[in-house]
Amino acid sequence: MNFEYAAAPESRSVVKIDPEYGHFINGKWVNGSSHFNTINPATEEVLSRIALGTAADVDAAVKAARNTFDKSWSKLSGRERGKYLFRIARIMQERAREFAVLETLDNGKPIRESRDVDVPLSAAHFFYHAGWADKLEYAGVDTTTAPHGVVGQIIPWNFPLLMLAWKVAPALATGNTVVLKPAETTSLTALLFAQVCQQAGLPDGVVNIVTGDGSTGSAIVNHPGIDKIAFTGSTEVGKLIARAVAPTNKSLTLELGGKGANIVFGDAAIDETVEGIVNGIFFNQGHVCCAGSRLILQESIADEVLEKLKRRMDKIRVGDPLDKNTDLGAINSAEQLAKIRELTAAGEAEGAGRWSSNCALPENGFWFAPTIFTGVTQAHRIAREEIFGPVLSVLTFRTPAEAIEKANNTPFGLSAGIWSEKGSNILWATQQLRAGVIWANTFNKFDPASPFGGYKESGWGREGGRHGLSAYLKGSAK
Amino acid sequence: MSGRLEVMKTYKLYINGAFPRTESGRSYEITSNKGEFLANACLASRKDLRDAVVAARAAQPGWAKATAFNRGQIMYRIAEMLEGRSDQFAQEISLQTGASAKESLQEVSDSVDLLVWYAGWSDKLPSLAGSTNPVSGPFYNFTVPEALGVVGAIAPIDKPLLGFVATVAPILVSGNTAVALASSTAPLSAISFAEVVATSDLPNGVLNILSGQQSELAPWFASHMDIDGLDISGLPIDQHGAIKEAGVENLKRISAFTKTTEPGRILAFMEAKTVWHPIGN
């Protein structure tokens with residue numbers, strides 16, 4: 001059967017992009033000293049020019065954040081603070097379409113995902129945390145109600161607005177002020193968020209946004225006026241930050257890489273499982289730290305699952321991210337595409353069997369077809385290293401103990417999936433897996449009320465839920 | 001001369017439920033606060049630490065799998081065993097630190113009471129620190145705290161018994177196993193505590209105790225890739241930065257505490273695990 005789809009592009013006219021942006025410091029737009037291009041990864045079209053934040057820009061932002069914290073924000077009641085967050089949540093909902101289109105243009109993710117996942121979850125995150133602001137004394141065992149002060153936050157490019165919400169909402173709810181740096185390739189929705197803060201009447205200096213690259217991030221990490229750092233990104237950079245922060249009094253939380261195991265037991269409901277595998281690895285082009293990037297199949301059903309998976313993968317529509325039919329959008333950058341190519345080449349060189357879906361890829365922009373590797377061993381690089389792309393490594397097992405052994409055989413510990421129809425087996429596997437988020441008979445679900453974060457080298461601390469709040473409260477245990 | 005000659009105790013390490021000497025063959029002299037010879041303690045080496053971690057890693061899944069009720073009972077049993085030997089422990093503390101008999105006895109009773117306090121947390125903290133999460137969708141979602149794994153502990157130099165108990169009890173009660181370094185200057189109380197532990201049904205390898213120098217061993221605790229967490233309450237604050245830096249390679253969870261009764265001491269060495277499952281038929 002051959003389905004033909006007419007193009008159904010979302011209009012980009014809802015969003016206005018300035019030719020150049022500055023930083024958002026102390027409630028005002030501040031010109032940058034130099035700029036770099038931000039492009040649409042689906043077309044390589046230049047969208048705008050983004051300011052490259054210097055140490056002086058970071059310093060100005062920290063001073064503004066400190067001044068506002070000391071003079072007003074820390075003295076505001078939790079109830080009033082919360083009302084600002086409610087306002088922000090509402091304005092994000094009102095401007096949801098604008099955010100969705102802008103996110104898709106800047107990031108390359110399908111509009112279906114930015115519209116149905118990133119933007120609504122971001123607004124929900126502010127709504128959830130708004131309600132915490134005046135209830136911090138109920139936030140947990142051995143938690144305090146005292147904010148750290150000025151929080152430096154560095155976020156990745158895979159969920160630009162959602163990661164901003166994960167960082168900013170709890171920081172503000174607990175009474176901190178913020179200096180945030182969006183990722184180099186995806187600054188635009190953060191800059192639109194600055195406008196939301198203005199519309200919400202958020203006091204100047206509560207949220208400061210400095211755009212830039214790694215050097216800007218480094219200036220934030222090493223700034224002595226910052227009390228806490230929150231970072232989401234690679235384990236490699238996370239460790240650099242942890243080393244820099246170790247000799248200081250700064251508090252630190254990290255959400256880092258993963259190599260999530262998605263275990264399919266012989267009794268799983270196969271068709272649902274295949275959908276779950278696809279969602280686990282191809283959601284957001286596989287640019288997901290908690291992706292189910294290692295499929296661990298029980299031998300008895302491996303052939304059947306792989307056959308159905310390939311058939312399903314051939315139906316994944318790859319192309320224009322603004323098209324409402326698109327399932328898989330563009331790889332975020334040339335750099336990331338090169339990394340995916342390097343690791344997949346290593347997969348072939350090390351002897352794994354490569355299969356990619358038969359889809360046409362656009363000429364311009366950065367694209368990678370949905371790909372699986374079979375015959376992967378635990379020693380292969382594609383089983384050990386995070387690819388951060390639409391590439392799935394498939395391993396097999398005979399006994400449940402072997403499945404757990406393979407799943408846990410990684411320095412990461414962010415997520416894992418279990419597919420089985422037997423409740424006791426699911427709960428048993430749940431207990432054995434060393435990962436912070438376990439999806440059983442589902443995958444890649446997120447919610448502001450649900451704590452998210454990793455074991456082992458996947459990070460420190462949690463984000464979301466009651467557990468996430470404590471990271472923003474001074475001297476609090478989980 | 002009349003009377004009998006005292007039979008003195010050889011203080012050794014405690015690894016995997018046994019009392020080996022250090023593999024290094026080294027010892028160091030422990031003296032009273034007046035400078036009198038008390039004992040030759042083992043000067044544990046990096047290799048002893050590694051052996052202890054192997055034992056702790058092997059024991060960890062079994063200890064974590066024991067029911068919270070069972071772990072609480074065993075922790076309480078340690079308190080019972082310690083109580084029965086109060087006088088001996090008090091005397092040993094006084095010899096090492098010069099504390100008065102009354103002060104030392106107080107330290108022992110405080111240690112016993114602290115063990116009882118932590119024992120009681122085993123089956124209560126998970127219900128306070130866990131949660132069911134009202135997510136927006138047809139999913140059952142809950143978060144449970146779990147033991148971190150193998151945790152290192154650098155016990156304080158002063159309060160050789162109470163400081164040691166305050167460091168290891170919260171680590172163990174949640175299902176972690178521990179490798180603990182006793183007070184460098186007054187390690188005898190911790191080594192004698194091993195005798196208490198050995199008669200309390202704590203499985204072999206759950207608590208391993210080393211005596212030696214902080215300056216030599218703390219960096220190896222920090223950089224060991226199979227230690228998941230580290231309590232550095234016993235280290236001088238000016239050394240915390242370097243130790244934290246050395247612990248980054250495996251993103252070790254490193255904490256220090258001042259209060260002895262603090263649920264946060266337990267939670268610092270636990271991980272929160274969140275589980276999702278669809279609801280439907």
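How many residues does the contact take from chain B and from chain A? The contact takes 40 residues from chain B and 39 residues from chain A. The views below come from a predicted model.

**View 1. The interface between chain B and chain A.** Putting the two chains together buries about 3,300 Å². Carbon and sulfur atoms give 55% of that area. On the chain B side, Leu251(B), Lys273(B) and Trp276(B) lose the most area to chain A. Together these residues make up 21% of what that side buries.

View 2. On chain B, at least two residues each are supplied by α5 (125-129), β4 (139-147), α9 (240-246), α10 (263-267) and β10 (270-278). β10(B) gives the most, with 9 residues. The chain B side divides into 19 nonpolar, 12 polar and 9 charged residues.

**View 3. Two domains of chain A.** Domain 1 covers 12-256 + 456-472, and domain 2 covers 261-440. Their C-alpha centres lie 30 Å apart. Across the boundary, 31 residues of domain 1 of chain A are in contact with 32 residues of domain 2 of chain A. The buried area is about 2,500 Å², with 57% from carbon and sulfur atoms.

View 4. Domain 1 and domain 2 of chain A share 1 salt bridge. Asp327(A) and Arg112(A) form a salt bridge, with the closest N and O atoms 2.8 Å apart. On the domain 1 side, α3 (96-107) and α4 (111-130) of chain A each supply at least two residues. That side has 11 nonpolar, 9 polar and 11 charged residues.

**View 5. Positive phi at Asn16(B) and Asp201(B)****.** Most residues other than glycine have a negative phi. Asn16(B) has a positive phi, near 55 degrees. Asn16(B) sits in the segment before β1 (27-31) of chain B. Its relative accessibility is 40%, so Asn16(B) counts as partly exposed. Asp201(B) also has a positive phi, near 65 degrees. Asp201(B) lies in the loop between α7 (188-198) and β7 (207-210) of chain B. Its relative accessibility is 59%, so Asp201(B) counts as exposed.

Note on methods
Residues are numbered from 1 along each chain as its sequence is written. Chains are lettered from A and ligands numbered from 1 in the order in which they are written. This is a predicted model: local features need pLDDT of at least 70, side-chain atom pairs count only at pLDDT 80 or more; totals for chains, interfaces and linings use all residues. Side-chain values use heavy atoms; hydrogens and water are left out. Domain bounds come from an automatic or database domain assignment. Contact means heavy atoms within 4.5 Å. Buried area is the accessible area (1.4 Å probe) that two parts lose on being put together, summed over both. A salt bridge is a side-chain nitrogen of Lys or Arg within 4 Å of a carboxyl oxygen of Asp or Glu. Helices (H or I, at least four residues) and strands (E, at least two) are DSSP runs, numbered from the N terminus. Ala, Val, Leu, Ile, Met, Phe, Trp, Tyr, Cys and Pro count as nonpolar, Asp, Glu, Lys and Arg as charged, and the others, Gly among them, as polar. Buried means under 20% relative accessible area, exposed over 50%, partly exposed in between (1.4 Å probe, protein chains only).
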